[in-house]
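Okay, thanks everyone, let me put this one up on the screen. I'll talk through a few spots and you can follow along.

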Protein chains: 2
Amino acid sequence: MTIELEPIGIIHSPFTEPKGMPIQPAGAAGVTGTVEVFEAYRDGLADLDGFSHVVLLYCFHLSEGFKLRVTPFMDTVERGLFATRAPKRPNPIGLSIVELDHIEEGILHIRNVDIVDGTPLLDIKPYVPEFDSPHEVRTGWLEGACKAVADRRADERFTQTGNPG
Amino acid sequence: MTIELEPIGIIHSPFTEPKGMPIQPAGAAGVTGTVEVFEAYRDGLADLDGFSHVVLLYCFHLSEGFKLRVTPFMDTVERGLFATRAPKRPNPIGLSIVELDHIEEGILHIRNVDIVDGTPLLDIKPYVPEFDSPHEVRTGWLEGACKAVADRRADERFTQTGNPG
């Protein structure tokens, strides 16, 4: 079974290469970008401007291949791939929750962008805390490391867009 | 540009058809299910058991086609597709954040499952509030409607798996 997807838009950001990028939206505070939705899909953006945050799903298009064990930026030992947000995944889909400032002529103006310029957009969903924000959360190996994310930047470990945390 | 994905596993739940399903994990409190990760990918599950919640990305495999305006279960008027979580999307990728109970021999035992049995799994990511849980959130047309989600069930409006909210 193969699932075929087509981009519905393109994400633009100040990051022209993965090196030096923030690792997550939390580390990209204030960084602005845009999401250009292709004209054929723009009618589906109605009512989205009432939401302060959106979930972006996109393709890690610079990513090639994957390894099932990786050493994340935020750690010094190897971890299972699915316990990390590394971009080299069997299905290279990236997920970022960004702040939506406004929408103008099919262009979403967004903040806290941790995505490389030119990334193909796959989907936009409204962010809804009642669905997406569970309580009493544990974060395994990331406990403690999270506080450091804001200052961490990507190196060349993954030649790729987006959140490699 | 076409992006080709292959399932890395299968999601099992008590819901054999979309009709009657909870609309979101918030409405699926206590419903248990499993995620069967195919053997080739199981080594990537290391360290995941430290996380209380995981993000599942999956294919809305029962979904066919899409409309850019839909009337969501939680409303009586049409909304832009991207301001809803309806399953019929240009790229039919579903997103659910579920509670991880434990992992045994490549099987994730999960709670709060709002996904139809047999759904193809595309990716697993650790849920990390510092990345995924923004503050000061507005939810547009869904304000107020969210409280009703826990009691709402899917009808035949979308013949499809997962969160049509």
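So, strand β2 of chain A, residues 9–12, is joined to strand β9 of chain A, residues 119–126, by three bridges, and the two run antiparallel. If you want one pair to look at, find I10(A): across from it in β9(A) stands P120(A). Keep in mind this is a predicted model.

Now zoom out a bit. In chain A, six strands close into a barrel, and the order is β2-β3-β8-β7-β4-β9, with antiparallel pairing. From one strand to the next, the twist averages 45 degrees.

Next, F38(A). Where does it sit? It's in the loop between β3 (32–37) and β4 (53–59) of chain A.

Who does F38(A) touch? If you skip the neighbours within four places in sequence, F38(A) has contacts with P7(A), I8(A), G9(A) and I10(A). Take I8(A): it's 30 residues away from F38(A) along the chain, yet their C-alpha atoms are 5.7 Å apart.

Over to chain B. There, too, six strands close into a barrel, in the order β2-β3-β8-β7-β4-β9, with antiparallel pairing. Ignoring direction, neighbouring strands in that sheet are turned by 45 degrees against each other on average. For a closer look, strand β7 of chain B, residues 93–104, runs antiparallel to β8 of chain B, residues 107–111, and five bridges join them. In that stretch, L100(B) has I110(B) in β8(B) as its bridge partner.

Terms used: Residues are numbered from 1 along each chain as its sequence is written. Chains are lettered from A and ligands numbered from 1 in the order in which they are written. This is a predicted model: local features need pLDDT of at least 70, side-chain atom pairs count only at pLDDT 80 or more; totals for chains, interfaces and linings use all residues. Side-chain values use heavy atoms; hydrogens and water are left out. Helices (H or I, at least four residues) and strands (E, at least two) are DSSP runs, numbered from the N terminus. Contact means heavy atoms within 4.5 Å. Two strands pair if DSSP finds at least two bridges between them. Axes are lines fitted to C-alpha atoms, for helices over the stretch in contact, and angles run from 0 to 180 degrees between N-to-C directions.
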